[in-house]
Amino acid sequence: MTELPRKKLFIKTYGCQMNVHDSERMADVLRPFGYAISDTPDDADLVVLNTCHIREKATEKVYSELGRVKALKIAKAEAGGEMIIAVAGCVAQAEGEEIMKRQTAVDLVIGPQSYHRLPELIARAHRARGERLAADFEAEEKFDALPADRQPAGVTAFLTIQEGCDRFCTFCVVPYTRGAEFSRPAAAIEAEARSLVARGVREVTLLGQNVNAYRDPDGVGLADLARRLARIPGLARIRYTTSHPADLDDDLVRAHAEVEALMPYLHLPVQSGSDRILKAMNRAHTVETYLKAVERIRAARPDLALSSDFIVGFPGETDADFEATLGLIQDVGFASAFSFKYSRRPGTPAASMGGQIDEAVKTERLARLQALVEAQQRAFNAAQVGRSLQILVERPGRHTGQVIGRSPYLQAVHCEGATNLIGSIVPVTIVGAAHNSLTGRLALELA
Ligand code: SAH
Ligand code: SF4
Ligand code: F3S
């Protein structure tokens, strides 16, 4: 068989883990066509920007990056070469036409449900700048059409089980960019998990925009899916993200008590600690039902730690509403959190609400909130010192003789150890804690 000419593929990924995963899948789809990943866009044959639309800043970043890539494309053309520029992801889905108007160097715009068509669309882009827009919502087709034999990059892997969101929080673009909720059949997910494990994967993170609303066409929910995956020999750890508090059902809570492979760490976004604001956000949970959910899951798994997302400066948010959010953070105690200033997204209900908050107020509230969650994160990390944690060793450290692994709580743990430990789960005594990572010492018999 003759080798196809090697072509350089540069993918830049913005946004959530779903995008990180989709980027890997795009590389998988293109590999048989001779595309190999390159870590720089200079001289690439194909540049893919896998974009995020969640906040205005995320979207604007894409346009400035496109300006830079355009310069590279021109330089390459002057040297007699060709560079194809493709925009994928949620900005592609939301603003397809506008992207092509604003940046004429773009050859191809492709929405998240059309990635299986990439090779065909790129071939067309080579021939003519004809069909440049592919954005539809045929989720099932996408999953069927993407290659099943993935090449996992390491001992952990993302696995998409659900896409889209039917919740329509009033601030959020995801229901528009990712479409309606769609769950993959459990059997297909299990098959993919088995093949990942056969290639050395020890931990999977099940992905979905509203992952705990997962229900496959046969009625299998997330709890049963986790039970099924936990039976795969060699699969040691299961995580899932992102959950909606209103979809945390009793069966999933029970699964956290029963299934050892389900890691005791849960990302459960609350957004605000004020019922008035939660209502305006259309969040479908109140402060009380959120706290109940936290109580239920902690009762099932007492060592469980939580993380969350927060939005400050949602339209109409008063000082008292904001203080209530700080109060909720104090009450729950988070191991980490993401927090954002509310960003007005065109077409979403909140964008046209009265009572939009001043940027300066948002900045001040965000700083206060972040100081509080950072203190909680530091305290949580510091509390691990002296404990023995099971670490999944993932990769070599910066220096020879060092490895980096993850604790059950997703903290990076640096320790002395040989690279042949990669893929093993080993007990480590935590001896130091920094803001974003821990240091540990391998239990003696392993060192
Ligand atoms: N499906 C997930 C994540 C959605 S996006 C969920 O339901 O939690 C990730 C986070 O971005 C959200 O949790 C929210 O905190 C934030 N976000 C979404 N839209 C936003 C907006 N318009 N402005 C600021 N933050 C936003
Ligand atoms: Fe967006 Fe709300 Fe759906 Fe999360 S649950 S993706 S915040 S609409
Ligand atoms: Fe962004 Fe789309 Fe994810 S808007 S957060 S990339 S689902």
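# Strand pairing and ligand surroundings in a predicted model

Five bridges join strand E7, residues 156-160, to strand E10, and the two strands run parallel. The structure described here is a predicted model.

Within this pairing, Leu159 stands opposite Leu206 of E10. Strand E10 covers residues 203-207 and is mostly covered, with five of its five residues buried. Glu203, Thr205 and Leu207 point one way from the strand, while Val204 and Leu206 point the other way, and all are buried. Strand E10 also pairs with strand E11, residues 237-241, in the parallel sense over five bridges. Glu203 has Arg237 as its bridge partner in E11. A helix belongs to this arrangement as well: E10, helix H8 (residues 222-230) and E11 make a right-handed β-α-β unit.

Another set of paired strands involves E1, residues 7-13. Strand E1 and strand E2, residues 35-37, pair in the parallel sense over three bridges. In this pair, Ala36 of E2 is the bridge partner of Lys8. Together with helix H1, strands E1 and E2 make a right-handed β-α-β unit. Strand E1 is also joined by five bridges to strand E3, residues 46-51, and these two run parallel. Here Lys12 stands opposite Leu49 in E3.

Helix H1 spans residues 17-30, and Asp28 is found in it. Is Asp28 buried or exposed? The relative accessible area of Asp28 is 6%, and because a residue under 20% counts as buried, Asp28 is classed as buried. The side chain of Asp28 also makes a polar contact with the side chain of Arg31, at 3.0 Å.

Ligand 1 is surrounded by 14 residues, and the closest are Phe171, Gln209, Gln271, Asp309 and Ser343. By class, this shell has six nonpolar, four polar and four charged residues. Strand E13 (305-312) and strand E14 (336-341) each supply at least two residues of the shell around ligand 1. The following table gives distances between protein atoms and atoms of ligand 1.

| Residue | Protein atom | Atom of ligand 1 | Distance |
|---|---|---|---|
| Arg55 | polar side-chain atom | oxygen | 3.1 Å |
| Gln209 | backbone N or O atom | nitrogen | 2.6 Å |
| Gln271 | polar side-chain atom | oxygen | 2.7 Å |

On its own, ligand 1 has 540 Å² of accessible area, of which the protein covers 88%.

Which residues lie around ligand 2? They are Cys165, Arg167, Phe168, Cys169, Phe171, Cys172, Val174, Pro175, His244 and Arg283. The shell around ligand 2 has seven nonpolar, one polar and two charged residues.

Around ligand 3 are Cys16, Asn19, Thr51, Cys52, His53, Ile54, Cys90, Arg178 and Gln209. By class, the shell of ligand 3 has four nonpolar, four polar and one charged residues.

Technical notes
Residues numbered from 1 in each chain as written. Chains lettered and ligands numbered in written order. Predicted model: local features only at pLDDT ≥ 70, side-chain atom pairs only at ≥ 80, totals over all residues. Heavy atoms only, no water. Near = heavy atom within 4 Å. Polar contact = N/O pair within 3.5 Å; in protein donor to acceptor, adjacent residues only side chain to side chain. Areas by Shrake-Rupley, 256 points an atom, 1.4 Å probe, with all protein chains shown as cover. Helix = DSSP H or I, 4+ residues; strand = E, 2+ residues; numbered from the N terminus. Nonpolar A, V, L, I, M, F, W, Y, C, P; charged D, E, K, R; others polar. Buried < 20%, exposed > 50% of the residue type's maximum accessible area, 1.4 Å probe, protein only. Pairing = 2+ DSSP bridges. Right-handed = clockwise from strand over helix to strand, strands pointing away.
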